[in-house]
Amino acid sequence: MLTGVALLLLAFVTGYGLARTRSCRAALPQGRRSDEATFTTLHIAALAAPALRAGLSRDSARKAVRHLRTLLGTHAVAITSAEAVLAWDGPAVDGPRGGDVLTHARATLAAGRAQVFPGEPYAAVVVPLTVDGAVVGTLAAHDDEVSAALVRTVTEVGRWVSGQLELADLDASRQRALEAEMRALRAQISPHFIYNALTTIASFVRTNPRRARELLLDFADFARYALRRANDFTTLADELTCVDRYLLLERARFGDKLRFTVQVAPEVLPVPVPFLCLQPLVENAIKHGMRGDGGAPGEVRVVVRDAGPEAHITVEDDGAGMDPECARRMLDDEPAREGGGIGLANVDLRMRQIYGDGYGLVVETALGAGTKVRLRVPKTQLGL
């Protein structure tokens, strides 16, 4: 990753290239020229960075190459992959042929270091672009003369471009990890719940076919939501609909022993929330809230309040509760080790990854006092 110190170094090194295209700066005092060069370099780098953060492709190279040419101040600049010329910025009539650019790129890829290629009318300085230690492409600067200063400048710009491509690779890796986590999350929908729901539906088939049909439709809606291909976020309204279907199925199983209430401030319904962040909390509340001796009834309460920049969600049961230390270990445990469903640790981990450590779950519980789980969600969506 390119640090602030490296950016300043890049600014002073590439001041060489900027000076070649802005001769009017010579009239300025030395201090002001240095400040202007630093600011201009950082500004141009900021313009090129978003495209490069998308990875090395024809589209990203095309968007970045003109800014890199401005940064270098050379006759032309090219960006290549290992197989093709991705982008070229400079006069097309007298520039090097595409075959020459690719030949230079392949020689640089083989050498793994900066190369200088004499030519008429323009010579070339070509430097490798690397991601995670592997050479993935090249940056080529073409000009009428090649000096040691130009070689240093192109080399530094190439290192900066490589740094941006490294960040793009990290972003892609993070996205792949999140997608894998979501696939695993769907696979963790409690098999016990599925078995119990289908068994409950089967019990109504003969005695109350209409009720069985309604429950089967509720189960289909729940499964469609939980197993769909979706991005990492959904709306609070959709998440609450999933919770409602889940509660209806569980109510059919437990009958009057399960009581539940859902109170929601209408203004927070459009708030984006991480996919499947509420159902696991409700499942946990039923799991622990219905463990009373003698089959005592249990109540689950879901409350969603508008709290200015955030939505505050609580899921509470009046069951047996647990030792607070046990609750702490549950959140600290590996999500995959909780068993029996998605679990609190999975939701806690995802909330912290998306919003920061301050947005993890808060569990309030004690033996014989039930359990309350609190969740805060910023109204501004992150990560999309």
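Modeller: Contact here means heavy atoms within 4.5 Å. Keep in mind that this is a predicted model.

Biologist: Fine. Which residues of α8 meet α9?

Modeller: From α8, Arg211, Leu215, Asp218, Phe219, Asp221, Phe222 and Tyr225 take part. Their partners in α9 include Cys242, Tyr246, Leu248, Leu249 and Ala252.

Biologist: At what angle do α8 and α9 pack?

Modeller: About 140°, with the axes 9 Å apart. Roughly antiparallel needs over 145 degrees. α8 and α9 are therefore oblique to each other.

Biologist: Left-handed or right-handed crossing?

Modeller: The crossing of α8 and α9 is left-handed.

Biologist: New topic. How many aromatic pairs?

Modeller: The count comes to three. One of them joins Tyr225 and Phe275, with 5.1 Å centre to centre and 45° between the planes. That pair is tilted.

Biologist: Where do Tyr225 and Phe275 sit in the chain?

Modeller: Tyr225 is in helix α8, residues 209–227. Phe275 is in the loop between β8 and α10. They are 50 residues apart, so the pair links distant parts of the chain.

Biologist: Buried or exposed, Tyr225 and Phe275?

Modeller: Both Tyr225 and Phe275 are buried.

Biologist: Why is the Tyr355 and Tyr359 pair called tilted?

Modeller: The planes of Tyr355 and Tyr359 are at 50°, so the pair is tilted. Their ring centres are 5.7 Å apart. Tyr355 and Tyr359 are buried.

Biologist: What lies over the face of Tyr359?

Modeller: Arg376, at 4.3 Å from the ring centre.

Biologist: And which ring does the charged end of Arg211 sit over?

Modeller: The ring of Phe204, 5.9 Å from its centre. Arg211 is also one of the α8 residues that meet α9.

Technical notes:
Residues are numbered from 1 along each chain as its sequence is written. This is a predicted model: local features need pLDDT of at least 70, side-chain atom pairs count only at pLDDT 80 or more; totals for chains, interfaces and linings use all residues. Side-chain values use heavy atoms; hydrogens and water are left out. Rings of Phe, Tyr and Trp (its six-membered ring) pair if their centres lie within 6.5 Å; planes under 30 degrees apart count as stacked, over 60 as edge-to-face and the rest as tilted. Helices (H or I, at least four residues) and strands (E, at least two) are DSSP runs, numbered from the N terminus. Buried means under 20% relative accessible area, exposed over 50%, partly exposed in between (1.4 Å probe, protein chains only). A charge sits over a ring if NZ of Lys or CZ of Arg is within 6 Å of the ring centre and within 35 degrees of the ring normal. Axes are lines fitted to C-alpha atoms, for helices over the stretch in contact, and angles run from 0 to 180 degrees between N-to-C directions. Angles under 35 degrees count as roughly parallel, over 145 as roughly antiparallel, 65 to 115 as roughly perpendicular and the rest as oblique. A crossing is left-handed if the near helix is turned anticlockwise from the far one by less than a right angle, and right-handed if clockwise.
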